[in-house]
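Student: I have a structure to read. Can we go through how its features get their labels?

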Amino acid sequence: MLYYKLFFICIFLPIILILYQLSPKRIRWIALLIANFIFYINFNFRMLVFLVPAIVVTYITGRVLDRLNHKKKALLKEFKDNKAVEGFSTKAEIKDYCQKRSRLVLILGIALILSVLLVIKYYGFFATNINLLIGRSTPKGPLPIKIFELPLGISFYSMQAIAYMADIYWTKYEAEKNPFKLALYLSFFLTIVEGPIALYSDMKDRLFEGNSIDPDNIARGLIRLMWGIMKKLVIADRLSPAVILLFSPEHQTKGHEVVAAAVLFTVMEYMDFSGCMDMVIGIGTMFGIQLPENFRQPFFAKNASEFWRRWHISLGVWFKTYIFYPVSMSKLAKKWNKFSKNRVNKHITRVVASAIALLPVWLCNGLWHGPKWTYIFYGVFYFAVIVLELLLEPALDAVLALLHTSKDNKIVTVIRVLKTWVIIFAGELFFQADSLGEGMRMIRDIPKGFSLRTLFGEGALGWGLDIYDWILVAVMLLTVIIVNILREKGTDICTALLQKPLVLRWTLLMSLLMTITMFGCYGAGYEEVDLIYAGF
């Protein structure tokens, strides 16, 4: 029961909207909790055995941390009032005592959440590689190879749970007292499949305020929902046969086909993932719930760092908040800053300090996507590129100064954007490759038989799409590009559309609906293409 299915759109969603609206305002969140339960068990009822304990662990950890925070405040107040507290002689001792206990609770809570994720998602990968390292790669030993079925959204709700506990530890907010409200947040049916990774501080009011259904929100949400479905069914799924063929090791893709494979997969992945985000944000809008944006025109980025500030934004924010900042404030980073002072060039000092914090971020980014060496390489690739960009920044500034121009120059901007595209396509090639070795082979074979004439001629017609498929993809892709250009310029497409005359609004809306109905990939002979990021 995914968001673009007829059953979801025509039956499930209307029923939940009606139930939500008919419920008293203070308990409307319960309608959403019921929707969560139905949505989750529709995939696999047995998987609740993982979700429910995760909710329980997160709730208990949060409550214990909250009590320790309150105890710390009480002890400090007592010390301030009485100038003494039994067992403590200074404020520093009180803070140190409370912090050690809180840190222990936080580590235990995170360990329990991560242990399940690591065993279910990564055990097979680590066991296989350990067996290879010790020269015993047979399935029976010494570590038996077991592949577990992944519970729906385990990576997403695990990251939200860790963020929730860490934020309470940092006293950003108090723990949720109602376990069912916390369950709604962690299992929210709009974020559990592919995200976005919504922080509790952003969602706690939006989920529970119970605003009435607004016709304007229904219109906005419906437009966004259908736009996302179009990107998924008309573009992404239509490109799937070509991507599968070009990345098949048996096909031995080389020459221009390697470039086509990287570009087509990148387009397919973007349309699939951003399309799903459009769907969930649109549905959330119908309920008056604003979910965080996960994409902001990523292909306008001028370097790799900016690309990741525009692509999968919620994942980047999570890594920045819960890995990058803590590591940048760690003892290792402080030791480097102390050692390099008056010894090393300031720019090099900054680059190395950034690299210290970025390495675990990008290793975790690669592993987060899945237990494959291609994903780990993908993370290390971006780490190397971003550090190199930081290192070469003064040289770039010097060259631009020599040419009497700046980064804002239009020609310079185009060159930087095109350079970023090369980085993106290269990264996605390894991301999708069957293995690291296969990715390396594809890169090596680019010069072999490279021919633009063949690429735009009979070559593309041999990848499972006919000329009409390519024309349709091109037209709809051009439409998406135009919309993204308008968004980049600050135009709110939904607002602009809703301000148009009623006849024009409905004409455009019905045109989008007809496009999905006539050209969407479904029906006889169509093999359903799973949402790409649902597997992560």
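**Labels and their cut-offs**

Tutor: R28 lies over the face of Y20, 5.8 Å from the ring centre. This is a predicted model, where local features need pLDDT of at least 70, side-chain atom pairs count only at pLDDT 80 or more, and totals for chains, interfaces and linings use all residues. Residues are numbered from 1 along each chain as its sequence is written, and side-chain values use heavy atoms, with hydrogens and water left out.

Student: What makes K121 a charge over the ring of W368?

Tutor: The rule asks for NZ of Lys or CZ of Arg within 6 Å of the ring centre and within 35 degrees of the ring normal. The charged end of K121 is 5.7 Å from the centre of the W368 ring, and sits over that ring.

Student: Why is the pair of Y270 and F295 called edge-to-face?

Tutor: Rings of Phe, Tyr and Trp (its six-membered ring) pair if their centres lie within 6.5 Å; planes under 30 degrees apart are stacked, over 60 edge-to-face, the rest tilted. Here the centres are 5.6 Å apart and the planes at 80°, so the pair is edge-to-face.

Student: How do you know whether Y270 is buried or exposed?

Tutor: Buried means under 20% relative accessible area, exposed over 50%, partly exposed in between (1.4 Å probe, protein chains only). Y270 has 5%, so Y270 is buried. F295, at 11%, is buried too.
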